[in-house]
Amino acid sequence: MPSFFGSIASAGSDVGWAAWVEAIVALLIAVAIVAVVVIGVRFGAGRARGRSAWIGELERRIRVPGMILAFLIAVWITCAVTAPSTLSWWPVLQRILLIAVVLVGAWLLSTVVTFGMERLMQYDSRRDATSPEARRRQTQLTVLNRLAVVLISIIAIGAVLFSFPEVRAVGTSILASAGVVSIIAGLAAQSTLGNLIAGVQIAFTDAIRVGDVVVIEGEWGRIGEINLSYVVVYIWDERRLILPCTYFTSQPVESWTRRSEKILGTVYMDLDWRVPVDAVREKFMEIIEASDAWDRRSANVLVTGSEGGHVTLRFKISAANSDDQWDLRCLVREKIMTWLQQEHPEALPVTRVTLEGSSDR
């Protein structure tokens with residue numbers, strides 16, 4: 001029976017110890033080169049950070065995927081030009097490295113694309129963050145960013161799957177069948193694909209924008225997020241209303257900021273017939289002129305109804321945005337009510353009842 005050391009020597013001669021040493025040395029050199037490159041990039045980014053802060057931010061975001069990708073490529077090249085490429089398990093390792101490089105490369109590309117879109121949105125918001133045109137651009141950039149990330153992910157997953165000959169053969173046979181493709185497209189268009197198309201349509205038809213004030217399903221709120229398949233509405237009481245994108249392409253939506261945030265508001269009061277309208281009008285103007293919420297575009301008091309035992313007064317108020325308009329309406333309602341109670345109680349609504357006396361016996 002051969003000795004233990006004799007067996008090791010025999011096995012070593014089979015695989016070639018010299019080749020393995022060569023592979024390990026080459027791998028260490030590759031890792032060292034990657035480390036030097038990473039250190040150089042970080043040093044250069046640190047020097048440039050003083051002049052351009054975005055360079056340091058970009059380096060911070062791509063640091064992890066960049067280091068992993070560089071290491072994988074270095075390992076792949078090293079193994080391909082040294083001893084492992086001659087071994088029986090090299091094809092399996094090569095496939096694993098290919099998959100890892102594709103996925104990490106997609107991660108790195110998605111990070112760069114997202115960073116670029118965020119920089120564009122930040123630059124645009126510094127110039128103008130509140131106008132309808134600015135909110136339209138913000139919405140389009142947000143949807144484009146998410147669409148780009150989804151496309152990169154789909155392409156990366158497709159490249160990984162089609163690297164397997166078996167999957168490539170199955171995929172080719174399926175794509176060659178027009179009937180199967182039409183069935184798949186028809187089913188997808190009813191739900192996922194339909195929402196995806198609706199999301200892109202919302203972004204580029206300017207139907208709604210991030211930040212728009214809307215009334216949906218009887219709820220007042222702002223458009224907070226526009227994703228590829230759904231829209232999130234931030235309700236005023238901090239609830240969230242999540243609706244599919246197809247809702248906004250098939251249902252009516254009440255928008256208060258379609259072209260401008262300026263808005264008119266009304267307050268209605270049912271008062272007695274004895275109300276002094278001129279005095280109420282003067283008090284109303286005094287109240288709103290003392291408030292910063294009134295933008296001084298429009299204001300009036302009109303009697304818009306006189307049915308039954310009361311008259312209806314309408315107070316119309318203009319404001320720069322819906323928040324100011326709400327505050328101003330509450331202020332007018334409270335001040336006018338208090339003033340009528342103190343100065344003109346006869347103007348408060350009453351119910352008149354006529355009692356007929358009983359006939360004499």
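Which residue forms a salt bridge with D272, and how far apart are the closest N and O atoms? The partner is R274, and the closest N and O atoms of the two residues are 3.1 Å apart; a salt bridge here is a side-chain nitrogen of Lys or Arg within 4 Å of a carboxyl oxygen of Asp or Glu. D272 is buried, with a relative accessible area of 0%, whereas R274, at 49% relative accessibility, counts as partly exposed. In these terms, buried means under 20% relative accessible area, exposed means over 50%, and partly exposed lies in between, with a 1.4 Å probe and protein chains only.

The model is predicted, and local features need pLDDT of at least 70, side-chain atom pairs count only at pLDDT 80 or more, and totals for chains, interfaces and linings use all residues. Residues are numbered from 1 along each chain as its sequence is written, and side-chain values use heavy atoms, with hydrogens and water left out.

We can start with the part of the chain that a record describes. In an unreviewed UniProt entry, the annotation "transmembrane region" covers residues 20-45, 66-90, 96-117, 143-164 and 170-189; such positions are given in the numbering used here, feature names are shortened, and annotations may be inferred rather than shown by experiment. Residues 143-164 are 86% helix and 0% strand, with end C-alpha atoms 33 Å apart. Helices (H or I, at least four residues) and strands (E, at least two) are DSSP runs, numbered from the N terminus.

Helix 2 spans residues 17-49 and contains V37. Together with V25, I29 and I33, V37 forms a nonpolar patch on the surface, and the four residues have about 350 Å² of accessible area together. Patches are made of residues with over 30% relative accessible area and no salt bridge, where like charges are joined within 9 Å and nonpolar side chains (Val, Leu, Ile, Met, Phe, Trp, Tyr) within 5 Å; the areas come from the Shrake-Rupley method with a 1.4 Å probe, and for residues only the protein chains shown count as cover. V37 itself counts as partly exposed because its relative accessibility is 47%.

Salt bridges come next. Side chains of opposite charge can pair when their charged atoms come close. By the rule given above, the count comes to 9 salt bridges, and one of them joins R61 to E118, with the closest N and O atoms 2.7 Å apart. R61 lies in helix 3 (residues 53-81) and E118 in helix 4 (residues 90-127), so the pair ties together parts that are 57 residues apart in sequence. R61 is partly exposed at 27% relative accessibility, and E118 is partly exposed at 25%.

Helix 4 also holds M117, which counts as buried at 16% relative accessibility. The C-alpha atoms of M117 and R146 are separated by 9.8 Å, while the two residues are 29 apart along the chain.

Finally, some residues in and between strands deserve a look. E217, in the loop between strand 1 (213-216) and strand 2 (219-226), has a phi near 55 degrees, a positive value in a residue other than glycine, and counts as exposed at 54% relative accessibility. R296, in strand 7 (residues 294-305), has a phi near 65 degrees, again positive. I317, in strand 8 (residues 311-319), counts as buried at 1% relative accessibility, and the C-alpha atoms of I317 and W294 are separated by 7.3 Å.
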